[in-house]
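Welcome, and please load the model in your viewer. We will go from one selection to the next and look at what is there.

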Amino acid sequence: MMRKMITLFALVVAFALSYVLTDVNAVDKTAMKKALKDSIVNGAKLYVDASLGTSGKTCNTCHMEMGRSKKKGMMGTRGFVGRDPFPKFFPMAGRVMTLEQVVQFCIVTPLKGKPLVWDDQRLTDLTAYVNSIYTSKK
Ligand code: HEC
């Protein structure tokens with residue numbers, strides 16, 4: 001009886017330990033990191049892609065040096081390093097906007113393009129890239 005109970009106890013402990021020690025998220029976390037990295041890389045390509053609009057301009061025409069420029073560009077634009085994150089008041093539109101909305105705003109207004117639907121991967125990628133500049137140190 002005692003031995004059976006000890007065996008049972010040992011089994012329960014072993015099962016619990018194996019559950020704790022196996023990081024069920026380990027694989028997913030790597031895949032998640034890669035997905036974000038890929039999105040940022042694709043966004044950087046879109047950043048210099050004039051086909052988002054019809055004006056022949058790209059994001060980089062105004063927010064130069066891939067969005068890292070400290071100098072003022074066309075229409076007084078600047079880069080994004082160290083600027084306050086969105087949502088915030090966006091003077092050109094006269095209201096509070098999210099980063100996605102401002103990206104769309106610049107696609108529609110300066111780039112003279114069509115707005116992307118909310119779940120378009122290109123909107124995700126472009127926003128992921130631009131956000132990575134906001135949060136980068138230099
Ligand atoms: C013809 C010039 C022009 C082009 C091209 C352009 N923008 Fe803008 N953008 C502006 C101006 C002007 C502002 C407001 C001034 C500023 O904040 O630098 C602005 C502001 C922004 C802001 C908000 C900055 C802040 O923190 O307030 C983001 C983000 C942005 N643009 C992203 C983009 C993206 C992404 C593209 C490409 C799809 C793009 N812009 C293309 C002119 C442009």
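For this tour, a residue is near a molecule or strand if its C-beta atom, placed from the backbone, lies within 6 Å of it. This is a predicted model, in which local features need pLDDT of at least 70 and side-chain atom pairs count only at pLDDT 80 or more, while totals for chains, interfaces and linings use all residues. Residues are numbered from 1 along each chain as its sequence is written.

**Stop 1: the ligand.** Select the ligand and the 22 residues around it; Cys59, Cys62, Met75, Cys106 and Pro110 come nearest. Two or more residues of this shell come from each of α3 (59-62), α5 (99-108) and α6 (121-134), and α5 gives the largest share, five residues. Helices (H or I, at least four residues) and strands (E, at least two) are DSSP runs, numbered from the N terminus. Now colour the shell by class: 15 residues are nonpolar, four polar and three charged. Here Ala, Val, Leu, Ile, Met, Phe, Trp, Tyr, Cys and Pro count as nonpolar, Asp, Glu, Lys and Arg as charged, and the others, Gly among them, as polar.

**Stop 2: the whole chain.** Zoom out to find six helices and two strands, which follow the pattern α-α-α-α-β-β-α-α along the sequence. Of the 138 residues, 16% count as buried (20 or more other C-beta atoms within 10 Å of the residue's own; exposed means 12 or fewer, partly exposed in between, with C-beta atoms placed from the backbone).

**Stop 3: helix α6.** Select α6, whose 14 residues reach 20 Å from first C-alpha to last, close to the 20 Å expected at 1.5 Å a residue (1.5 Å times one less than the number of residues). Its buried residues are Asp125, Leu126, Thr127, Ala128, Tyr129, Val130 and Ile133.

**Stop 4: the core.** Next, show the largest nonpolar core, where Val103, Cys106, Ile107, Leu126, Tyr129 and Val130 touch the most other members of its 15 residues. α2 (26-47), α3, α5 and α6 each give two or more residues to this core, with the largest share, five residues, from α6. Such a core is a set of buried Ala, Val, Leu, Ile, Met, Phe, Trp, Tyr and Cys residues joined through C-beta atoms within 7 Å.

**Stop 5: Met64.** Finally, centre on Met64 in helix α4 (residues 64-67). Is Met64 buried or partly exposed? Met64 is partly exposed, because 18 other C-beta atoms lie within 10 Å.
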